[in-house]
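Me: I am new to this structure and would like to know how its labels are decided. Please go through a few of them.

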Amino acid sequence: MNPFQPSHPVNPKYFANRKNVVEAFRLALRNASETRSVAPTNIAVLGSWGIGKTSVFNKFEHIALKEMEDINIFVARVQLNPSACTTISDFVTFSVNEIERSFDTQGSIKMKIMDKMLTWKIKSLSFSGLRIEKKELTQHPVSVFQNSLEELWCRILKPEGIKVGILMFDDLHYLAENYPKGLYDMRSVFQSLALRDVNFMLCITGPTALFVKIRTLAEPFARFFDKYELKSFSLDETKEAITLPLNVEKIDVKMDEKVIEKIYELSKGHPYFIHFIMRDVLDTGSNKITFEDFEKLYPKIFLHMGKSKFSSDLEIASDKEKEVLFKIASAYESVSFSDLGKQYRSSLYRLEEKGLITKTQRGKYLLYHPLFREYLRCQR
Ligand SMILES: Nc1ncnc2c1ncn2[C@@H]1O[C@H](COP(=O)(O)OP(=O)(O)OP(=O)(O)O)[C@@H](O)[C@H]1O
Ligand SMILES: [Mg+2]
């Protein structure tokens, strides 16, 4: 089995680095289980595409359910997507469904509360008129959500001895994009719940700009979280991301130190590209990879990357945006707005929104990764 899987979040046993956010989570969990006055720390994991946000959630879940044996914990995951966030009712319906579907606890509690969770879900959805059978809305969806969560805590979790509930919302920007006020609502819900001694810790992920774009509405929401921004790995961290899965799975592959350094240089420590390259390296089946072997292999890996990643990046760009991408790729390193001209202003904005380019602090535009730049250069 190949432990490197670029298109899936990493299995917690191969999870490398990210010590700050992991330690903060452990501490927050301990505190939430011990303090008498309930005011749990909420955690926001922020970062760009493929940087490892969902992997951090997998790790959180693993810590809560496998490491903290002395505390009874309830965990539920809500993986948001655009259609789940078209309206606030959709968001509440989807969240209630997902909480019931995904929840987990340690030991036997899960079996004990399964039926109760199902009843809770049906009641929550019918109460709001969100079920198909009942058309008219009897209560605002935000109140429904708050009441449902309070009921979940007071009637199901607390009586079973659960000390902390963790609710994780992955990719919250889908809600923010369609309904920015939803972020404010989320804060009201969780703040009110905390006042009522409902011990839910809220964890969210989103792009770094989640709190920036909708500043006035989101500011109180931003203050509600301890924020952790994920960055690409350093050279040492890249080494850990490569060697840990090999050691855990006792995979006997000898790799020159220079190969790891080269992978770092190519990937710039981006976890997705590290996994992509390592997956293809292991798929060769060789048990010794010298620097020369890697140099020979790399063109094939790069071609594969083009097919499975960069070509779909290019597909989401319009013809005019493609033109801008090729212009940036052929520039020395980055371009400024004035280098391109007024007619490309909106394209730059849209490309940034699509995550294909990034803006530096000095107002210059760069392609999102040097490997994408390389790919574009090869297309021309
Ligand atoms: N801490 C880590 N250790 C090792 N590999 C990691 C780590 N974090 C992420 N990866 C690898 O990076 C890739 C992307 O991770 P993940 O899906 O968690 O990112 P994401 O930020 O949630 O992406 P998206 O923006 O697409 O939702 C995966 O291949 C994963 O295995
Ligand atoms: Mg993700």
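Reply: Both phenylalanine 224 and phenylalanine 225 are buried, a word that stands for under 20% relative accessible area, with exposed over 50% and partly exposed in between (1.4 Å probe, protein chains only). This is a predicted model, where local features need pLDDT of at least 70, side-chain atom pairs count only at pLDDT 80 or more, and totals for chains, interfaces and linings use all residues. Residues are numbered from 1 along each chain as its sequence is written, chains are lettered from A and ligands numbered from 1 in the order in which they are written, and side-chain values use heavy atoms, leaving out hydrogens and water.

Me: What makes the rings of phenylalanine 224 and phenylalanine 225 a pair, and of which kind?

Reply: Rings of Phe, Tyr and Trp (its six-membered ring) pair if their centres lie within 6.5 Å; planes under 30 degrees apart are stacked, over 60 edge-to-face and the rest tilted. Here the centres are 5.8 Å apart and the planes at 80°, so the pair is edge-to-face.

Me: Why is the pair of tyrosine 298 and phenylalanine 302 called tilted?

Reply: Their centres are 6.0 Å apart and their planes at 35°, so the pair is tilted.

Me: How do you know whether tyrosine 298 is buried or exposed?

Reply: The relative accessible area of tyrosine 298 is 15%, so this residue is buried.

Me: What puts arginine 279 over the face of phenylalanine 276?

Reply: The rule asks for NZ of Lys or CZ of Arg within 6 Å of the ring centre and within 35 degrees of the ring normal. Arginine 279 lies over the face of phenylalanine 276, at 4.6 Å from the ring centre.
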